[in-house]
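Hi,

Here is the structure I said I would pass on.

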Amino acid sequence: MNYQSGTIIGASALADARRVFDRQHDLSRRESPPSLELRRDRLAQLRALISGHAEELAQAVSDDFGVRSRTETQLMEIAPSLGAVDLAMKQLPRWMAPERRRVAPNLQPAKAWVRWEPLGVIGIISPWNYPLQLAISPMVDAFAAGNRVMLKPSELTPRFAELLARLVAERFDEGEAAVVTGGVEVGEAFAGLPFDHLLFTGSTAVGRRVYQAAAANLTPVTLELGGKSPAIVCPDYSLAKAARSIAWGKWVNAGQTCIAPDFVLAPADRADALAEELIAQAKRSYPAIAGNPDYSSVISERHRRRLQGGIDEARRSGARILRHEDAGAEAEGKIGPTVVLHAPADGVLMREEIFGPVLPIVSYRTLDEAIAYVGERDRPLALYCFTNDRAAEERVLGRTLSGGVTLNGTLLHVADESLPFGGVGPSGIGAYHGREGFRRFSHARGVHKVGFVNALELLGPPWGRAAAAVGKMLVKG
Ligand code: NAD
């Protein structure tokens, strides 16, 4: 693959992708599953690739965005990726160990166990918003499970994609891992390769197309999609504390986080106060927007227009808009933290995933009303609930469903590698991270070993009286 030539689009990139796939596929069928040592070595290579180039990687991501906080890239992308490697390195012996199962009396004497086998070749399609973490984290799980990996990063972060392609090519044989760069055309062809599993992270709309392409090959998928993740502030909870957590989770990466709170459900008599508190918190966190390296740009002009269009539409319909912005923000491709009260229910902001620094507040009168509001909509990727009342917490958890949850905080469930991460319904299919990631990219192969005698075979056929008696006994209940 030509990694020097910038974005590769066209027949040669597609032919290269096919050739690499064939090589990985062939090796995965010919070679035994990699040993613990080999898996650990691949993970160590991945670790070195990231930690040895952390500055360069953060710079490439920032250049792709316009401005992307280096500290955020360190904290939210590089550190969690290294954390995932370290966890896998440590836990691998436990994860790989075959699991004994209890054999039912009618099949005794016998032994049974599950072997966690590598699937073979894993395809990963990743988005631009956390380009490093969302590429590396699935790679860690796929390597841990003993697979080979092909990755297609987003064309919206081209400098990062080219850098990662080069670094991966330096450290891995293309039979183990390869990066295929390119746009939608390459993505489509990539999704059509007959992988043993395909993990896609991106929008629900593209996820549908990827699922269809994979279905043609009966390729199983993990779809990590988006959606409108609600934050419910319960009446008992401190507004200042809730605002601090919501502001943190919303305006990191300028709201371009798949699990960012998309909108807030607040008690009707506190919605205005919460809006003021959120903007005050935004001003404390980001005293300036223009020239502030901590506050990220919106990725593209198209996304900025979409967000601004949503704000303008809400204003026209009488919504109250609170905004923290300064001159020059626009020139840096930034939209300042924006809170919207009374956004129209049928407008862009309440219909679509926002995926930017705009935060509508929806007011509710009773907690049941807030729960019903969530239940009437697509099952979200994340849900946040702020309360110290255990009964309210249980009511919200018991009567809603989302991919994951952080209570009294935001975003943290994704950072907790001890938890599965994924969506449900339109927000995704399947989960990965940690042990769930290892299992996602493994085949759970059931093995039954016959003991000193095979009782069922002894019974017949021909089926005699003994078989009939055993049959009667087994079906008696
Ligand atoms: P996107 O769906 O536009 O693109 C994602 C990837 O798919 C890119 O690499 C792109 O090149 C590729 N692609 C585009 N069209 C394709 C096609 N027809 N076939 C195959 N591949 C194709 O998403 P995006 O704009 O990069 O990311 C934003 C979305 O991702 C948001 O909806 C967000 O919520 C979601 N997201 C989800 C998670 C998660 O973990 N669940 C994480 C981050 C982002």
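Between domain 1 and domain 2, about 2,000 Å² of area is buried, and carbon and sulfur atoms account for 56% of it. On the domain 1 side, the residues that lose the most area to domain 2 are Val67, Trp128 and His433, which together make up 27% of what that side buries. Keep in mind that this is a predicted model.

In case you want to find the two parts on screen, the domain assignment gives domain 1 as 2–225 + 430–444 and domain 2 as 230–422. So you'll see domain 1 written as two stretches of the chain, because the bounds come from an automatic or database domain assignment. Taken over C-alpha atoms, the centres of domain 1 and domain 2 are separated by 30 Å. Counting contacts, 23 residues of domain 1 touch 26 residues of domain 2.

Now for the ligand. Which domains supply the shell around the ligand? Domain 1 and domain 2 each give at least three residues to it. There are 28 residues around the ligand, and the ones that come nearest are Lys152, Glu155, Ser203, Leu225 and Glu353. By type, the shell splits into 14 nonpolar, 8 polar and 6 charged residues.

Ser203, one of the residues that come nearest, has a polar side-chain atom 2.7 Å from an oxygen atom of the ligand. For Gly202 it is a backbone N or O atom that lies 3.3 Å from a ligand oxygen. Trp128 turns up again here: an N or O atom in the Trp128 side chain is 2.8 Å from an oxygen atom of the ligand. How much of the ligand does the protein cover? On its own the ligand has 850 Å² of accessible area, and the protein covers 93% of that.

Away from the ligand, I also noted some local details. Arg270 sits in the loop between strand E9 (263–267) and helix H10 (271–285). Leaving out residues up to four places away in sequence, Arg270 touches Cys234, Pro235, Tyr237 and Leu239. Arg159 is another matter: Arg270 and Arg159 are 111 residues apart in sequence and 45 Å apart in space, going from C-alpha to C-alpha.

Asn253 is in the loop between helix H9 (239–251) and E9. Although Asn253 is not a glycine, it has a positive phi of about 55 degrees.

Last, have a look at the loop between helix H17 (455–459) and helix H18 (465–475), where Pro461 lies. Pro462 is in the loop between H17 and H18 too. Are the peptide bonds here cis or trans? The bond from Gly460 to Pro461 is cis, with omega near 10 degrees, and the bond from Pro461 to Pro462 is also cis, with omega near 0 degrees.

Cheers

Terms used
Residues are numbered from 1 along each chain as its sequence is written. This is a predicted model: local features need pLDDT of at least 70, side-chain atom pairs count only at pLDDT 80 or more; totals for chains, interfaces and linings use all residues. Side-chain values use heavy atoms; hydrogens and water are left out. A residue is near a molecule or strand if one of its heavy atoms lies within 4 Å of it. A polar contact is a pair of N or O atoms within 3.5 Å; within protein, one must be able to donate a hydrogen and the other to accept it, and residues adjacent in sequence count only if both atoms are side-chain atoms. Accessible areas come from the Shrake-Rupley method with a 1.4 Å probe; for residues, only the protein chains shown count as cover. Ala, Val, Leu, Ile, Met, Phe, Trp, Tyr, Cys and Pro count as nonpolar, Asp, Glu, Lys and Arg as charged, and the others, Gly among them, as polar. Contact means heavy atoms within 4.5 Å. Buried area is the accessible area (1.4 Å probe) that two parts lose on being put together, summed over both. Helices (H or I, at least four residues) and strands (E, at least two) are DSSP runs, numbered from the N terminus.
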